[in-house]
Amino acid sequence: MAKQDDQFKKVISHAKEYGYVFQSSEIYDGLSAVYDYAQNGVELKNNIRDYWWKAMVQLNDNIVGLDAAIFMHPTTWKASGHIDAFNDPLIDNKDSKKRYRADVLIEDYCAKIETKINKEIAKAEKRFGDAFNKEEFISTNPRVVGYQEKINTILSRMGKSLENEDLADVKALIEELEIADPLTGSRNWTDVKQFNLMFGTKLGASIDTAMDLYLRPETAQGIFVNFLNVQKTGRMKIPFGIAQTGKAFRNEIVARQFIFRMREFEQMEMQFFIKPGTQKEWYEQWKKTRLKWHLSLGMGEENYRFHDHEKLAHYADAAADIEFKFPFGFKELEGIHSRTDFDLGQHEKFSNKKLQYFDHEDNQSYVPYVIETSIGLDRMFLAVFSNSLVEEELDNNTTRTVLKLPAVLAPNKAAILPLVKKDGLPDIAKKIVDDLKWDFNVVYDEKDAVGRRYRRQDANGTPFCITVDHDTLENNTVTIRHRDTMEQKRVKIEEVRNIIKKEVDVKEWLQKM
Ligand code: ATP
């Protein structure tokens with residue numbers, strides 16, 4: 001645990017030191033669970049968003065984009081169920097006065113049992129070596145089977161109690177498991193209560209006529225209310241999707257994990273409208289497609305897993321998370337939900353407007369079913385950033401800090417470095433910058449010895465360093481150094497663009513899907 005905490009602390013301080021993420025309003029001591037993206041962070045965030053948009057919208061001729069407003073008519077949230085049911089179960093510790101999400105306390109308890117399982121596996125792997133069969137071990141070792149059964153029993157009981165809104169049983173479960181306040185160890189708990197997560201505000205100047213509004217807690221509803229507009233004006237045929245990215249707001253209670261859980265965050269969502277009855281196939285299809293998108297970034301297959309939901313949201317008939325191994329363990333990165341016709345049906349009811357599709361092939365009208373893929377852009381940022389940050393031991397017994405960002409996402413693709421600040425080398429370097437900046441984000445760096453500049457760019461995540469030296473004056477060549485291998489090659493200046501392009505081109509990466 002301490003090792004995980006250390007790694008996470010390193011991630012947070014590196015993000016600040018290298019201009020990726022700052023705490024909001026830091027000069028006023030910050031605002032809890034609100035963050036700003038700095039000069040490098042904004043580029044990385046834009047690149048992640050573009051990578052998603054390319055894969056979801058531009059490469060699919062049956063998916064189109066949308067940019068709906070953050071403010072929506074308040075009835076939207078009545079119809080969607082957010083006013084009545086967008087709640088978290090909360091529990092307070094009477095001694096420490098700290099507030100927790102009851103379900104998170106129970107899930108963290110299960111995560112500890114899972115750590116025990118992993119320890120057993122690691123021990124057995126060591127003992128049996130090459131002959132080790134992990135699947136068999138997991139399904140037959142009595143200790144592991146026992147642990148797994150315990151987790152299943154706890155989660156299924158919690159799922160049922162939350163589903164039935166039996167909050168007394170959630171508290172009973174916390175007490176039976178003897179779960180203590182993680183900060184103080186106290187087991188003196190209040191009852192579990194529900195708490196609505198939406199931020200409210202007002203529209204209009206006069207107190208008497210001002211209308212209550214909410215900051216949207218998800219981008220999805222902007223898509224549902226526009227379903228027919230898009231379908232008609234785009235002449236879309238089912239199956240088709242509408243995608244959008246944008247800010248969402250939740251008054252989160254547990255907000256201690258940097259940009260993992262923020263009060264203002266950005267979602268990248270796609271709602272895929274389908275014929276009723278086909279939802280199982282499309283649900284499986286989108287689970288596969290979305291996992292492939294993640295894997296195309298090369299961040300390690302072992303760092304992803306699916307988690308099927310025990311407790312389904314009020315709108316879903318199936319739901320799974322793609323979980324990622326963050327520095328604090330496996331946690332939800334993206335949700336894939338089979339939302340049935342719940343949302344469109346509700347908006348029909350509350351607006352008194354038909355939101356149906358006429359299917360020419362079947363000669364019938366219906367309210368489409370929906371499969372949703374929903375990923376937090378900030379969580380994806382954290383996944384990429386934390387996975388990329390490594391300390392590497394070098395041959396000469398020194399270490400270097402490298403941010404091995406997937407090159408396609410890196411904020412700057414190359415740094416152009418004159419070896420010295422004289423003899424005309426800076427002029428040539430600046431000319432290279434002026435030429436390459438039309439195609440890629442590149443930076444010019446002339447301060448400090450070249451070795452230090454390499455290290456700085458490694459820590460910044462820049463995939464290439466291009467050094468202009470005295471040979472450049474003679475033969476128009478430069479050295480190009482690769483961030484991950486540290487290998488240097490001498491190449492002609494005119495070759496540089498293609499070398500960079502090959503490694504950072506979205507097409508090269510997405511074709512791996
Ligand atoms: P969690 O269980 O972690 O609270 P959720 O199940 O409420 O998440 P969804 O409503 O399915 O999340 O939202 C879709 C995605 O939006 C999540 O997979 C996550 O990546 C992202 N997300 C949700 N809440 C936050 C938040 N407070 N901060 C950052 N990202 C978030």
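Predicted model: local features only at pLDDT ≥ 70, side-chain atom pairs only at ≥ 80, totals over all residues.
**The chain as a whole**
- In secondary structure, you're looking at 18 helices and 23 strands.
- The radius of gyration is 26 Å, close to the 24 Å that the globule rule gives for 513 residues, so the chain is as compact as a globular protein of that length.
- Along its principal axes, the C-alpha trace spans about 75 × 60 × 55 Å.
- Take the contacts with a separation of 6 or more: 65% of them are between residues 24 or more positions apart.
- The accessible surface of the chain is about 26100 Å², with 48% of that belonging to carbon and sulfur atoms.

**Who sits around the ligand**
- There are 17 residues around the ligand, and Glu252, Arg261, Met262, Glu332 and Leu333 come nearest.
- By type, the shell splits into 5 nonpolar, 5 polar and 7 charged residues.

- The side chain of Glu252 has an N or O atom 2.8 Å from a nitrogen atom of the ligand.
- For Arg261, a polar side-chain atom lies 2.7 Å from a ligand oxygen atom.
- Gln267 also puts a polar side-chain atom by a ligand oxygen atom, at 3.4 Å.

**Where the shell comes from**
- Two or more shell residues each come from β10 (264-274), β13 (329-340) and β16 (369-376).
- β13 gives the largest share, with 5 residues.

Definitions and conventions:
Residues numbered from 1 in each chain as written. Heavy atoms only, no water. Near = heavy atom within 4 Å. Polar contact = N/O pair within 3.5 Å; in protein donor to acceptor, adjacent residues only side chain to side chain. Helix = DSSP H or I, 4+ residues; strand = E, 2+ residues; numbered from the N terminus. Nonpolar A, V, L, I, M, F, W, Y, C, P; charged D, E, K, R; others polar. Rg over C-alpha atoms; globule rule 2.2 N^0.38 Å. Contact = heavy atoms within 4.5 Å. Areas by Shrake-Rupley, 256 points an atom, 1.4 Å probe, with all protein chains shown as cover.
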